Amino acid sequence: MVAMDKLVSLCKRRGFIFPSSEIYGGLNGCWDYGPLGVELKRNVKQAWWDDVVRLHDDTTQQDGAPAPYSMVGLDSALLMNPRVWEASGHVGGFSDPMVDCRETRNRYRADQLVVFALMFGDDETGGRPHEDVLFAAPGEPGKTPASELLAVHRRQVAAIAKRLGGGQPSGIAVIDAALGDADKRARIWAPGASAPGTLTAPRAFNLMFKTHVGALEDHSSVAYLRPETAQGIFVNFKNVLDTARVRLPFGIAQIGKAFRNEINPRNFTFRSREFEQMEIEFFCRRSEAPQWYQFWRQRRFRWYTALGIRPENLVLREHEPDELAHYAAGCADVEYAFPFGQSELEGIANRTDFDLAQHMEFSGKDQRYFDDQASEEKDKRFLPYVIEPSAGADRGTLAFLCDAYAEDEVGGQPRTVLRLHPRLAPIKAAVFPLVRKEGMPEVAGEIFRRLKRRWNVAYDDKGAIGRRYRRQDEAGTPWCITVDGDSLTDRSVTVRERDSCEQQRVGIDELETLFGESIGG
Ligand code: GAP
């Protein structure tokens with residue numbers, strides 16, 4: 001598994017991902033995709049769009065689907081009438097409880113602070129937690145190991161242990177529900193604080209970014225940057241139904257930016273404040289929703305493995321009943337084993353008819369589906385159920401990068417290589433004239449221009465061939481094509497494959513077929 005700092009450094013060095021507005025010190029939770037990164041992320045989004053919309057065949061029953069179904073696309077506005085967010089529950093409820101440290105001015109998500117007491121003594125003498133002095137540290141309760149918390153806050157912990165008159169603490173005891181209890185809060189040391197009792201009580205913090213539409217900045221002009229693309233689909237349900245001639249079951253897919261004022265953006269692009277989602281709202285009959293839920297869980301899981309993620313790094317985790325949103329009848333997450341821990345890439349939820357019912361109530365517009373085939377009058381109009389596979393394009397891109405990163409040796413020399421699936425690779429092939437003379441640049445240029453009509457390809461005539469290979473390996477380029485003296489007479493070139501480093505002689509006219517088979521799409 002790649003160390004995160006190595007990946008971040010490769011991304012910066014090779015132009016995949018930069019901190020946003022870096023020359024001004026950046027902006028926390030915002031990232032820019034450089035020349036290689038933009039190609040990679042576009043390929044991720046294109047692969048998703050092709051697989052769920054463009055290449056979907058609604059005339060046959062495919063991929064183990066319970067029945068044939070239709071898929072259409074949408075691109076809705078990012079700014080919407082604020083009533084949308086009242087109906088969806090985001091204005092009232094889309095919030096995280098957070099606590100502030102009055103001294104350091106740091107802000108934490110309450111559910112991402114572990115409160116613990118130091119333990120003294122060992123098992124034989126009966127280790128005891130010292131609850132007079134508590135300590136809060138960022139981490140995931142139940143997940144972050146105690147040793148990690150102690151190591152990160154070593155100096156502060158040592159100072160507190162000294163204050164307690166003890167020697168080295170033998171461990172920690174996690175104290176539940178301490179932040180909501182004023183007595184306990186008064187005894188908690190926040191990270192970096194010089195005294196206990198500096199944390200505020202947890203307060204709800206709405207994650208939506210507010211803005212104003214038009215010239216007036218008052219209550220009547222408030223609008224929100226959308227925190228998910230899903231609601232743009234729900235409010236267009238009737239428009240699509242009336243114009244696209246679709247019948248149940250069918251799905252509407254959308255890719256677009258979403259914004260959340262995350263309290264604690266972290267882990268590179270994993271939790272950002274501006275990110276892109278790839279969402280499907282799949283409409284079906286209530287009685288069929290459990291089957292479609294199962295179908296989409298499996299189908300979305302397979303999408304990642306088909307694009308090269310190693311199955312052992314991917315988990316499909318069913319939510320516990322107490323994790324479910326109040327409207328959801330089921331939810332599973334596709335989780336990836338990131339270097340910072342197993343975390344969500346995509347959620348697949350059975351959202352019932354909650355959203356359409358809410359929009360029907362708030363807008364006063366009938367959102368029911370009309371089934372002219374129903375034999376009984378009472379069954380003719382109803383609100384469909386919705387299965388929602390909701391993926392993050394940035395998280396997917398990060399997972400593909402993590403999974404592809406490798407260090408190995410070629411000819412006794414260390415190399416860094418991104419073993420990206422050819423469909424995702426930012427550059428599909430690089431063309432090298434062996435030397436910059438004797439007609440080789442002309443032939444290489446001809447190949448470059450020919451391949452460029454179909455794919456993003458590179459041309460490189462600088463430096464030794466080995467160095468040129470290394471540069472492309474780091475960029476994840478699956479094939480390097482070298483034009484040599486023989487190419488001028490036999491119209492063939494040497495194709496070197498990135499992962500195996502094997503080389504084969506291929507006719508210039510066969511290159512497109514050779515690459516096309518692996519790239520697909
Ligand atoms: N419409 C449902 C919805 O938005 P979500 O679990 O909040 O559900 C769906 O988000 C996906 O969007 C997540 O699985 C993740 O991939 C991505 N996502 C959510 N918050 C994100 C953030 N702060 N940074 C990057 N990606 C995020």
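Strand S16 pairs with strand S17 (residues 341–352) in the antiparallel sense over nine bridges; two strands count as paired if DSSP finds at least two bridges between them. Strands (E, at least two residues) and helices (H or I, at least four) are DSSP runs, numbered from the N terminus. The model is predicted, so local features need pLDDT of at least 70 and side-chain atom pairs count only at pLDDT 80 or more, while totals for chains, interfaces and linings use all residues. Residues are numbered from 1 along each chain as its sequence is written, and side-chain values use heavy atoms, with hydrogens and water left out.

A hairpin of two residues connects S16 to S17. Within this pair, Glu 335 has Glu 344 in S17 as its bridge partner. Strand S15 (residues 314–318) also pairs with S16 in the antiparallel sense, over five bridges, and Arg 317 stands opposite Asp 333 in S16. Strand S16 (residues 330–338) is largely enclosed by the rest of the structure, because eight of its nine residues are buried. Buried means under 20% relative accessible area, exposed over 50%, and partly exposed in between, with a 1.4 Å probe and protein chains only.

S17 is also among the elements that cover the buried residues of helix H11, together with helix H3 (83–88), helix H8 (230–234), helix H9 (237–243) and strand S14 (274–284). Contact here means heavy atoms within 4.5 Å. In H11 (residues 354–363), the buried residues are Phe 354, Asp 355, Leu 356, Gln 358 and His 359. Just after H11, Gly 364 has a positive phi of about 75°.

In helix H1 (residues 4–13), Met 4, Leu 7, Leu 10 and Cys 11 are buried. These residues lie on the same side of H1, because they cover an arc of only 130° around the axis, the arc being that of the directions from the helix axis to the C-beta atoms. Their cover includes strand S1 (17–19), helix H12 (393–404), strand S21 (405–410), strand S22 (413–418) and helix H14 (465–475).

Four strands form an open sheet in the order S8-S6-S7-S9, with mixed pairing. Strand S8 (171–174) and strand S9 (188–189) stand at the edges with a single partner strand each, so one side of each has no neighbour in the sheet. S6 and S7 pair in the antiparallel sense over eight bridges, and Met 119 stands opposite Pro 129 in S7.

The structure holds one cavity of 30 Å³ or more. The largest cavity has a volume of about 40 Å³, a volume being the space filled by probe spheres set on the points, which are joined across faces, edges and corners. Its lining consists of Phe 116, Ala 117, Leu 118, Val 133, Leu 134, Phe 135, Val 157 and Ile 160. Strand S6 (113–120), strand S7 (128–138) and helix H6 (154–163) each supply at least two residues of this lining.

How values were computed. On a 1 Å grid over the protein atoms alone, a cavity is a set of points where a 1.4 Å probe fits but cannot get out, and a pocket is an open set with protein on both sides within 12 Å along at least five of seven lines; lining residues have an atom within 4 Å of a point.
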